[in-house]
Amino acid sequence: MPRPLYDRIDRAILDHLQRHGRTPNVDLAEAVHLSPTSCLRRTKALEADGVIAGYRADLDRERLGLGLTVFLSLKVEHSRTTSRVVEEALKAIEHVVACHVVSGDADFLVELAVPDLRTFERVLTDQILAIGQVRDVRSTVCIRTVVDRGPLPLTSWSPPRP
């Protein structure tokens, strides 16, 4: 019988996995005070519900030679298909690591991870500006990152199960 709501144990599992994704189930169970069987059942349910969207390694950009982060604010022409065309074009650009549809002065906020200014210029001119619907680009070069990825705040989370 499915539980009607996620509870503090589910929140503890999610919080722990956000911080320590490679934790073996036995250690996760101990950390959230459950039996390994119950912990695995709950984790699998969170995965099946789509709350846990996936697992991945967190890589160091500097050590990979991608030490320059640039944010682009894109303005695009507006039509029925523009957003989809721009989104698909941006997804195909290797150096795009995040893309958001935003409100305000821009239509898209794009994050690039590149090795240097020369590569940024090439990506900008040969790929971003080559997207026909792009009408204006404003760039902001990141000097230093203070907070990057972090665990999502779960203190007020308890939606009903789907």
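**Figure 1. Ala29 in helix 2.** Ala29 sits in helix 2, which runs over residues 25–31. The model shown here and in the other views is predicted. Ala29 has a relative accessible area of 1%. That value is under 20%, so Ala29 counts as buried. Beyond its close sequence neighbours, up to four places away, Ala29 touches Leu34, Ser35, Pro36 and Cys39. Asp107 lies elsewhere: 78 residues separate Ala29 and Asp107 in sequence. In space, their C-alpha atoms are 44 Å apart.

**Figure 2. Val26, another residue of helix 2.** Helix 2 also holds Val26. Is Val26 buried or exposed? Val26 is exposed, with a relative accessibility of 53%. In the case of Ala29, the figure is 1%, and that residue is buried. The view also takes in Ile52. Val26 and Ile52 are 26 residues apart along the chain. From C-alpha to C-alpha, the distance between Val26 and Ile52 is 18 Å.

Figure 3. His33 belongs to the loop between helix 2 and helix 3, the latter covering 36–48. Its backbone deserves a look. Most residues other than glycine have a negative phi. His33 is not a glycine, yet its phi is positive, at about 60°. The residue is also exposed: His33 has a relative accessibility of 70%.

**Figure 4. Arg8 and Thr155.** Arg8 is placed in helix 1, made of residues 8–19. With a relative accessible area of 63%, Arg8 is exposed. How many residues apart in sequence are Arg8 and Thr155? The separation of Arg8 and Thr155 is 147 residues. In space, the C-alpha atoms of Arg8 and Thr155 are 9.2 Å apart.

**Figure 5. Glu111 in strand 3.** Glu111 is part of strand 3, which spans residues 108–114. Its relative accessibility is 16%. The limit for buried is under 20%, so Glu111 counts as buried.

**Figure 6. Cys99 and Cys142.** How many disulfides does a search of the whole structure find? The search returns 0. Cys99 is in no disulfide, and its nearest cysteine sulfur, that of Cys142, is 18 Å away. Cys142 is likewise in no disulfide, and the nearest sulfur to it is that of Cys99, 18 Å away. A disulfide needs two cysteine sulfur atoms within 2.5 Å, so the 18 Å gap rules out this pair. Cys99 is partly exposed, with a relative accessible area of 35%.

**Figure 7. The fold around the close-ups.** This legend sets the views in their context. The protein has 5 helices and 4 strands. Along the sequence, these elements follow the pattern α-α-α-β-α-β-β-α-β. The C-alpha trace spans about 55 × 40 × 25 Å along its principal axes. The radius of gyration is 20 Å, whereas a compact globule of 162 residues would have a value near 15 Å. Among contacts with a separation of 6 or more, 68% join residues 24 or more positions apart.

Figure 8. Of the 162 residues, 30% count as buried. Ala29 is one of the buried residues, and so is Glu111. How many side chains are positive, and how many negative? There are 22 positive and 22 negative side chains. The centres of these two sets lie 4 Å apart.

Note on methods. Residues are numbered from 1 along each chain as its sequence is written. This is a predicted model: local features need pLDDT of at least 70, side-chain atom pairs count only at pLDDT 80 or more; totals for chains, interfaces and linings use all residues. Side-chain values use heavy atoms; hydrogens and water are left out. Buried means under 20% relative accessible area, exposed over 50%, partly exposed in between (1.4 Å probe, protein chains only). Helices (H or I, at least four residues) and strands (E, at least two) are DSSP runs, numbered from the N terminus. The radius of gyration is taken over C-alpha atoms; the globule rule is 2.2 Å times the number of residues to the power 0.38. Contact means heavy atoms within 4.5 Å. Lys and Arg count as positive and Asp and Glu as negative; His and the chain ends are not counted. The place of a charge is taken as NZ of Lys, CZ of Arg, CG of Asp or CD of Glu.
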